Amino acid sequence: MGVLSKLCKNRGITRIRGKNNNVTILENGKKVGSKRLAGLRIDVKGEGNQITIHLPQKFENCRLIVRGNNNICEFGATDKFSKDTNYYLDSKANGREVKIGRDFMCAGADMIVALEGSKFSIGDGCMFSYQVQIRNHDGHTLFDKKTKKPLHGSREMHIGDRVW
């Protein structure tokens, strides 16, 4: 394991590039601590992105990657672990919203949210195992040659409460 991997796993790294990006860590509704959480690497590039993380959390070797502007990402409080999990909002799209409910547990998933204005949510008490990949798109966007707009796109996705 390289030095960067060890840092990400043990202490977390936060890298934020752009204006008006905020990482807010809340405990019992009150802002606490810094932008760094053990076990979670946060990498943001864009403007006006809002990340809210409610404590407690148990991240181990997880990544949150946000590209684009005015995206919202919120993690509900949990005393369960998230391990080897990647949350991607990395297609330089704008206005996406991701909400992870309370008591979420995950052991190795990739969650990918793409295209403008997409919404993705996971309810309370959900549990995902290893090698799970969740997308709200097919990953191969086709564009109209004249208008340059997508011919198909992301859909809003909601996974309800207590899904395993």
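User: In which loop does Pro 56 lie?
Analyst: Happy to start there, keeping in mind that this is a predicted model. A cis peptide bond joins Leu 55 and Pro 56, with omega about 5°. Most peptide bonds are trans. As for the place of Pro 56, the loop is the one between β5 (50-55) and β6.

User: What is the order of the strands in the open sheet of four strands?
Analyst: The pairing in this open sheet is parallel. Its edge strands, each pairing on one side only, are β6 (58-60) and β15 (127-128).

User: How many bridges join β14 to strand β17?
Analyst: Let's look at β14 from both of these pairings. With strand β11 (residues 97-100), strand β14 (residues 119-122) pairs in the parallel sense over four bridges, and Ile 100 stands opposite Ile 122 there. Strand β17 (residues 157-159) also runs parallel to β14, and Met 157 in β17 is the bridge partner of Phe 120. The number of bridges joining β14 to β17 is three.

User: Is Val 98 buried or exposed?
Analyst: Val 98 has its place in strand β11. Not counting residues up to four places away in sequence, Val 98 touches Ile 72, Cys 73, Glu 74, Leu 89, Val 113 and Phe 120. Its relative accessible area is 4%, under the 20% cut-off, so Val 98 counts as buried.

User: What distance separates the C-alpha atoms of Val 98 and Phe 75?
Analyst: Along the chain, these two residues are 23 residues apart. In the model, the separation of their C-alpha atoms is 8.4 Å.

User: Which residues touch the most other members of the largest nonpolar core?
Analyst: This core has 30 residues. One of those with the most such contacts is Phe 104. Leaving aside neighbours within four places in sequence, Phe 104 is in contact with Thr 78, Lys 80, Phe 81, Ser 82, Tyr 87, Met 111, Ile 122, Cys 126 and Phe 128. The residues touching the most other core members are Ile 51, Leu 64, Phe 104, Met 111 and Ile 122.

User: What is the relative accessible area of Asn 20?
Analyst: Asn 20 lies in the loop between β1 (14-17) and β2 (22-27). Asn 20 has a positive phi of about 55° although it is not a glycine. Most residues other than glycine have a negative phi. Asn 20 is exposed, and its relative accessible area is 62%.

User: Is Asn 70 buried or exposed?
Analyst: You can find Asn 70 in the loop between β7 (62-67) and β8 (72-75). Asn 70 is not a glycine, yet its phi is positive, at about 55°. The relative accessible area of Asn 70 is 52%, over the 50% cut-off, so Asn 70 is exposed.

User: Over which residues does pLDDT stay under 50?
Analyst: The protein chain averages a pLDDT of 85, and 89% of the residues score at least 70. Where pLDDT is low, the predicted coordinates should not be read in detail. That caution applies to a stretch with 16 contacts beyond four places in sequence in the model, where pLDDT stays under 50: residues 1-10.

Note on methods
Residues are numbered from 1 along each chain as its sequence is written. This is a predicted model: local features need pLDDT of at least 70, side-chain atom pairs count only at pLDDT 80 or more; totals for chains, interfaces and linings use all residues. Side-chain values use heavy atoms; hydrogens and water are left out. Two strands pair if DSSP finds at least two bridges between them. Helices (H or I, at least four residues) and strands (E, at least two) are DSSP runs, numbered from the N terminus. A nonpolar core is a set of buried Ala, Val, Leu, Ile, Met, Phe, Trp, Tyr and Cys residues joined through side-chain atoms within 4.5 Å. Buried means under 20% relative accessible area, exposed over 50%, partly exposed in between (1.4 Å probe, protein chains only). Contact means heavy atoms within 4.5 Å. pLDDT is the predictor's confidence in each residue, from 0 to 100.
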